[in-house]
Amino acid sequence: MLDADEAEVAAAIEDLEDAGIIQGYQAIVDWRAAEDQRVRAEVELNVALDRETNYADIAERLAQFPEVVSLQLVSGDFDFLMRAEGSSMQEVSQFISDKVAPVPEVTQTVTHYVMNTYKERGESFETDTDDDRLSVSP
Amino acid sequence: MTTEQFTSAFETADRVESVPPSGIRRFFELAEEADDVISLGVGEPDFAAPWAAREAAIDALERGRTSYTTNRGRKELRQRIAENAARRYDLAYDPDAEIIVTTGVSEALDLAARAHINPGDQVAVPEPTYVSYPPTIVFADGEPLAVPTAQDEFKLTREALEAAGAQDADALLYCYPNNPTGAIMTESDLEPIAAFAREHDLLVFADEIYADLTYGEEHTSIATLPGMRERTIVFNGFSKAYAMTGLRLGYAMGPEDAIAAMNKVHQYTMLSAPTTAQEAAIEALETCDDTVEEMVSRYDRRRQFVLSRLEELGLSCFEAKGAFYVFPEVPTDDAEAFAEDLLTEAGVAVVPGGVFGEAGEGHVRMSYATGLDELKAAFDRIEAFL
């Protein structure tokens, strides 16, 4: 595809990793197809800042939790968009109420549980792959 | 409603009666009856048409564009077809006079045959052949002349044409990249065929529907060779490259008088090709190059997988470089029995080569227009079956 040999591609990837441009590799998982349960919540967070505390300080504190899989500062009606995951809805709920809401700077949380995923990082999760072609054709 | 028994007054015309029923049909019925079949017998892409093309069709319907188009197809579409042919295949055709849009390549071939074949004219057809060619010729009162190609990895050669007596034929009708074998014809392969056609004054009907599906080799159209444009009609369409089989849209490009004669038949029998499909095709040519490229690279991965599995299983097969078919030899004399056993005992559907003419005997057609996972499962089953 790139018309480059294997060693060239490997070296280029290593350079990107060393420069911190490539931060990691992860599988894209369709949890509906897996035996294990996985619950995901997209959480809107509003925070209050003061002279000693900026967004980065709050982010650093929240990002420590292993349940937090992504955390982004966003424009609009709220400040942070946080994605949290756990093995049950109860676990995720407890995490939000026990760990996130009590953080002093956090003034409001709005939790959206993900009900279905259709596409993730460019990959479509096909719901129905029925082949409606004639089974043998010229 | 009457329940009275009656005998139909209809008697099938001789030219229709003379054509045997398609051998594909029987395998289709067998495959439909069996449970849990993985089919390598499908002659169409497993992708859906590119989303942009589908959206253009939906948009056209929503806007109520449901009337006829001009006989030859929408001017904008013919212009894009001409641009595409120039850009990709180095072919120069005038969209106003030398291109006609048809209901699939099937209609275009029928038009070409009816417009240019006189009763008793001979049309040379490389064999194995796409199942529709001989009947299309017969329905136009012509006579198909089989040109067996098995000895040269299913490429058409001058020697094969001579051996079959094609020097006395009036026309040559072929499909390369080929269905059912996957063989392609490179420029140097085509040169002696072009010379033969010029020397013996043969018209050439070149079905290039798989032109975009070649692997490691660029497609060459015979119409680009010296002295060939005036005696060639090139057929192409949207079914294979753009995965639009069910939208039924093809086209033919050729000398002005040839296209005019075809248009005469077309305007009385078809009027115009489907309007919605034409809208989708305009969009496909305008924006879907990337999707085609992506499909081609996926076919190629599957092709390489299939070829390597065939080799592992000891099923002899030449390296097919076009379309989405391979045409391996089977380890028994009777390919039809092999295919039937493979279907009923192992649940894998393939098409026995004899369906595509005598020259296909001893082989089966396998299509890799099927997902890689299914191909893997199919070859595991074939391995266990062998």
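## Two domains in chain B

Chain B splits into two assigned domains: domain 1 takes in 14-48 + 290-385, and domain 2 covers 51-288. Keep in mind that this is a predicted model.

Where they meet, 36 residues of domain 1 of chain B are in contact with 36 residues of domain 2 of chain B. On the domain 1 side, helix 11 (289-312) and strand 9 (325-326) of chain B each put in at least two residues. Helix 11 of chain B has the largest share of that side, at 8 residues. By residue type, the domain 1 side comes out as 20 nonpolar, 8 polar and 8 charged.

## Where chain A meets chain B

Now for the contact between the chains: chain B brings 18 residues to it and chain A brings 8. On the chain B side, helix 2 (residues 23-33) gives the most, with 5 residues. That chain B side is made up of 10 nonpolar, 5 polar and 3 charged residues.

## A look at chain A

Chain A has 3 helices and 6 strands, and reading from the N terminus they go α-β-α-β-β-α-β-β-β.

Buried residues account for 11% of the 138 in chain A. Of the chain A contacts with a separation of 6 or more, 59% link residues 24 or more positions apart.

How values were computed: Residues numbered from 1 in each chain as written. Chains lettered and ligands numbered in written order. Predicted model: local features only at pLDDT ≥ 70, side-chain atom pairs only at ≥ 80, totals over all residues. Helix = DSSP H or I, 4+ residues; strand = E, 2+ residues; numbered from the N terminus. Buried ≥ 20, exposed ≤ 12 C-beta atoms within 10 Å, placed from the backbone. Contact = placed C-beta atoms within 7 Å. Nonpolar A, V, L, I, M, F, W, Y, C, P; charged D, E, K, R; others polar. Domains from an automatic or database assignment.
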